[in-house]
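Please read the following report with the sequence and the model side by side.

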Amino acid sequence: MRFAFYSRSDDNSENIKKSLMEKLVSIGFTFNEQKPELIIFIGGDGTFLRAVHEHLNTIDKISFIGVRSGTLGFFCDYGSDELDLLVSELKYGKTQLGSYRMIEANLKYQTRQTTIYAVNEIRLENPFHTMICEVQINGEKLEHFRGNGLIVSSNLGSSAYNKSLGGALVDPSVSMLQLTEIATIQNNVYHSLGSSLVLGAERTVNLIGDLNRSVVGFDHIFLETGESLTAIEIRLSKKTVQILHKSGHSYIDLLHKTFVVD
Ligand code: NAP
Ligand code: MN
């Protein structure tokens, strides 16, 4: 197995990396940064997002496995005290493979188009001026939106920004897109849906309008659209991310450990 690391680069993460390097080489794995089949990310959820974007072009040939070097980590199944467990689960094929579809958006500018990909969500935001756009689902008008922005999140992203906005947490076994509003204007004149909308896996969300002053965000990345952005078309992507989970991994237990204090 050819492996490489993606580390948050703080001292703790670097020490974990050194230790894992020795342990993995000792079971016959090969360190190879050019053509890795396995990326071990060490840090937090943000580290995972960065690792995925770094390897986007070869994402279908790679699996990710995560070690927490901080306290939490939704995507990091192993603690820093579980390195031997991680190595033995890899050696004996005991990990549980999770395959998750990414989200993609086609950004339509006046003179060109480009596609972006995200694990968590794709956002269109303007915190300084009311963002006005038409929202269409599969080409049908849903609403004329006025507010700070809209996000479309994946099942994996439901516990990130989407949760802070009051969107629902989604079991990763459900294939869907979730459209959630950011600070909508709601009064006698303007009214939009006012709740999160969970959409089937084959739906497309179109945001259409004069989007020049809005910022397009995807995972930890954002684009300031200096040129004329006229529409965004968002859908589930064919690209998937493979995560090797710790044996016995459970989404319900993860929710309990991450969000519930009792
Ligand atoms: P960040 O500002 O460090 O991320 C915000 C927090 O979200 C961090 O605690 C991060 O964990 C956690 N997180 C990321 N993805 C998650 C997921 N799928 N489920 C649960 N928690 C998750 O920035 P970042 O690390 O580069 O992550 C980018 C993400 O931050 C974006 O995709 C967006 O979802 C999220 N975000 C959230 C808010 C908000 O909640 N108000 C605002 C902006 C962005 P770690 O500390 O382990 O990295
Ligand atoms: Mn972070």
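## Charged pairs, a ligand and a surface patch

Glu233 is buried, with a relative accessible area of 17%, where buried means under 20% relative accessible area, exposed means over 50%, and partly exposed lies in between (1.4 Å probe, protein chains only). The model discussed here is predicted, so local features need pLDDT of at least 70 and side-chain atom pairs count only at pLDDT 80 or more, while totals for chains, interfaces and linings use all residues. Residues are numbered from 1 along each chain as its sequence is written, chains are lettered from A and ligands numbered from 1 in the order in which they are written, and side-chain values use heavy atoms, with hydrogens and water left out.

Glu233 belongs to strand 15, which covers residues 229–245; helices (H or I, at least four residues) and strands (E, at least two) are DSSP runs, numbered from the N terminus. The side chain of Glu233 makes a polar contact of 3.2 Å with the side chain of Arg235. A polar contact is a pair of N or O atoms within 3.5 Å; within protein, one must be able to donate a hydrogen and the other to accept it, and residues adjacent in sequence count only if both atoms are side-chain atoms.

Side chains of opposite charge can pair when their charged atoms come close. A salt bridge is counted when a side-chain nitrogen of Lys or Arg lies within 4 Å of a carboxyl oxygen of Asp or Glu, and the whole structure holds 10 of them.

| Salt bridge | Closest N to O distance |
|---|---|
| Lys246 and Glu82 | 2.9 Å |
| Glu125 and Arg123 | 3.4 Å |

Glu14 and Lys17 are about one helical turn apart, because they stand three residues from each other in helix 1 (residues 11–26). Glu14 is partly exposed at 26% relative accessible area, and Lys17, at 27%, also counts as partly exposed.

What parts of the chain does the pair of Lys246 and Glu82 link? In the salt bridge between Lys246 and Glu82, with 2.9 Å between the closest N and O atoms, the partners come from distant parts of the chain, 164 residues apart: Lys246 is in the loop between strand 15 and helix 5 (251–259), and Glu82 is in the loop between strand 4 (63–68) and helix 3 (83–91).

Arg123, the partner of Glu125, is buried at 13% relative accessibility. Salt bridges with shared partners also join Lys108, Glu233 and Arg235 into one network.

The report now turns to the ligand. The shell around ligand 1 divides into six nonpolar, six polar and five charged residues. Helix 2 (45–54), strand 7 (121–125) and helix 4 (161–164) each supply at least two residues of this shell, and helix 2 gives the largest share, four residues. A polar side-chain atom of Ser164 lies 2.5 Å from an oxygen atom of ligand 1, and a backbone N or O atom of Gly46 is 2.9 Å from an oxygen atom of the ligand. The side chain of Asn120 places an N or O atom 2.9 Å from a nitrogen atom of ligand 1.

Leu169, finally, lies in the loop between helix 4 and strand 10 (176–184), and is partly exposed, with a relative accessible area of 35%.

How values were computed:
Nonpolar A, V, L, I, M, F, W, Y, C, P; charged D, E, K, R; others polar.
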